[in-house]
Amino acid sequence: MGNKSSLLLREEEIAQIQEDTGFTPAQIERLYSRFTSLDRSDCGTLSREDFLRIPELAINPLCDRIVHSFFTDSNDDRVNFRQFMQVLARFRTIKPGKDNKLNSREEKLRFAFKMYDLDDDETISKDELLNILHMMVGANISQDQLLSIAERTILEADQSGIGKITFEDFCRVLERSDIEKKMSIRFLN
Ligand SMILES: [Ca+2]
């Protein structure tokens, strides 16, 4: 107590964020001190550059897309603590019986889908898939191989015959995958 972060975060704000996100007050306090340490300009909001100082993010091949996802509800390219927590909640590990609407399977799938859907048109095109594949595998696989992986993936997933992957296709393909585990990033400790 008595440090800068606990002074600035009011109890009713903690309670509200707990209700929104399912994080415990102790986790919220810890993430808040993390948030304020990233907030170099001390203005209560983070810029895109601030996010790149999170080491767990900086090493993630999808870093740019993940950072972008924090800003989809932001009008001025800054993220306040509440918005920050809403996005983090989607990465929170699901504990049996302690489900929260933000970290449900559906929300995680929706969030992952948006990461692919660069132009926000609700479908994943071949180019968008290639773009993500490229970020994930880097230079280890040739462009031709990536193209054939992307084409085959779309061919197998696309059930509406539009040559693109819809959210329904996406859910079906990932039906048996452990998306809950893959979409859980440990920001805490
Ligand atoms: Ca798209």
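Which residues touch the most other members of the largest nonpolar core?

## Nonpolar core

They are Ile28, Leu31, Tyr32, Phe35, Phe81, Phe84 and Met85, in a core of 15 residues. Such a core is a set of buried Ala, Val, Leu, Ile, Met, Phe, Trp, Tyr and Cys residues joined through C-beta atoms within 7 Å. Helices α3 (25-38) and α7 (81-89) each supply at least two of its residues. Phe35 is in contact with Phe81 and Phe84, leaving aside neighbours within four places in sequence. Contact means C-beta atoms, placed from the backbone, within 7 Å.

## Model and overall fold

This is a predicted model; local features need pLDDT of at least 70, side-chain atom pairs count only at pLDDT 80 or more, and totals for chains, interfaces and linings use all residues. Residues are numbered from 1 along each chain as its sequence is written.

The chain has 12 helices and 4 strands, taken as DSSP runs (helices H or I, at least four residues; strands E, at least two) numbered from the N terminus. Of its 189 residues, 15% are buried, with 20 or more other C-beta atoms within 10 Å of their own. Among contacts with a separation of 6 or more, 53% join residues 24 or more positions apart.

## Packing of α9 and α10

Helix α9 (residues 126-137) packs on helix α10 (residues 143-157) at about 130°, with axes 9 Å apart. Axes are lines fitted to C-alpha atoms over the stretch in contact, and angles run from 0 to 180 degrees between N-to-C directions.

Lys126, Leu129, Leu130, Leu133 and His134 of α9 meet residues of α10 including Leu146, Ile149, Glu151 and Ile154.

Note on methods: Buried ≥ 20, exposed ≤ 12 C-beta atoms within 10 Å, placed from the backbone. Contact = placed C-beta atoms within 7 Å.
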